[in-house]
Amino acid sequence: MKKELLTSLLICLISLPMSGQMKWSQQYQQYFDQYKDLAIQQMKRYHIPASITLAQGVLESGAGRSTLATRGNNHFGIKCHGWTGRAIYQDDDERNECFRAYDNVYDSYEDHSKFLTTSNRYSSLFQLRQTDYKGWAYGLKSCGYATNPRYAIQLIDIIQLYKLYEYDEGKSGGKTVGGQMPSHRVYEFNQNYYVMANAGDTYRTIGDEMGVSYKKLAKYNENERDARLEEGDFVWLQKKRRNAPKEYKNRPHTVVGGESMYTISQRYGIRLKYLYKMNELTPDYQIKVGDVLRIR
């Protein structure tokens with residue numbers, strides 16, 4: 001650990017008040033159940049403790065209910081600072097400040113990770129152990145992430161009360177909301193995220209749960225907005241890719257019974273037109289069992 005970081009952390013430890021009592025909130029727990037897998041995926045990719053990401057997310061977004069979160073899918077209170085994408089404006093330290101806005105929550109999590117990893121301001125944090133959530137909490141405050149003098153204490157209180165440090169080991173655990181598991185678990189594949197539809201699901205019900213417009217969900221999945229979903233259907237939460245991951249370069253897909261070009265495109269998170277193009281097929285081609293298709 002750099003001497004400068006150690007000094008700043010000691011100053012924070014001395015100057016900030018001791019942790020106070022915090023009451024358990026079902027809204028907070030529901031937030032963690034919904035986004036824990038996403039935070040773990042971000043941790044594995046960017047080496048930011050999942051506990052820190054979750055605690056910041058729930059605190060900055062009011063468990064996903066703040067104006068920034070509901071209007072702009074901004075779960076981390078990140079301001080524009082050279083941002084060229086969509087923005088929303090809200091009073092903060094000053095009046096009518098510019099905040100980044102995203103198409104969905106997953107883009108917000110990704111941008112939060114990139115914001116920390118690409119800024120020299122936070123570079124010293126990455127010398128800390130991935131399980132040192134206290135060091136990360138005090139470090140974020142000393143590096144200027146937030147102006148609230150109790151910011152580090154708040155993060156630590158949240159992490160300890162909800163045992164978020166367990167996620168820093170890379171396991172999602174089995175926490176529940178009201179005795180039941182969340183409706184949809186979020187998976188990562190092909191630089192994208194997806195859920196598996198349950199019986200009775202629609203793009204609207206999934207969109208409401210995931211914080212994504214049902215119209216955009218239907219578009220991402222190349223389907224009608226009111227399309228009926230079958231149990232086990234892949235529902236992609238972002239725009240699909242042009243092809244499958246690199247490891248599938250020499251691993252073509254062999255068609256089995258009941259599959260279509262669409263279901264195969266959904267399985268691998270590939271846009272349908274590119275699946276046809278890779279295989280030099282026209283949209284009127286009827287695939288059959290045993291066909292071998294390139295997916296990369």
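Analyst: A residue counts as buried here when its relative accessible area is under 20%. By that criterion 48% of the 296 residues of the protein are buried, in what is a predicted model. The accessible surface comes to about 15600 Å², and carbon and sulfur atoms account for 47% of that area.

Two packed helices are described by the angle between their axes and the distance between the axes. For helix α3, which spans residues 50-61, and helix α5, which spans residues 105-117, the axes come within 12 Å and cross at roughly 115°, and the crossing of α3 and α5 is right-handed. On the α3 side the contact is made by Thr-53, Leu-54 and Gln-56, which meet Tyr-109, His-112 and Leu-116 of α5. The residues of this contact between α3 and α5 divide into three nonpolar and three polar, with no charged residue among them.

Elsewhere in the chain, Arg-242 lies in the loop between β5 (234-236) and β6 (253-254). Apart from its neighbours within four places in sequence, Arg-242 is in contact with Ile-270, Arg-271, Tyr-274 and Met-278, and with the side chain of Tyr-274 the Arg-242 side chain makes a polar contact at 3.3 Å. Arg-242 and Arg-296, although 54 residues apart in sequence, have their C-alpha atoms 8.4 Å apart in space.

How values were computed:
Residues numbered from 1 in each chain as written. Predicted model: local features only at pLDDT ≥ 70, side-chain atom pairs only at ≥ 80, totals over all residues. Heavy atoms only, no water. Buried < 20%, exposed > 50% of the residue type's maximum accessible area, 1.4 Å probe, protein only. Areas by Shrake-Rupley, 256 points an atom, 1.4 Å probe, with all protein chains shown as cover. Axes fitted to C-alpha atoms, helices over the stretch in contact; angles between N-to-C directions. Helix = DSSP H or I, 4+ residues; strand = E, 2+ residues; numbered from the N terminus. Left-handed = near helix turned anticlockwise from the far one by under 90°. Contact = heavy atoms within 4.5 Å. Nonpolar A, V, L, I, M, F, W, Y, C, P; charged D, E, K, R; others polar. Polar contact = N/O pair within 3.5 Å; in protein donor to acceptor, adjacent residues only side chain to side chain.
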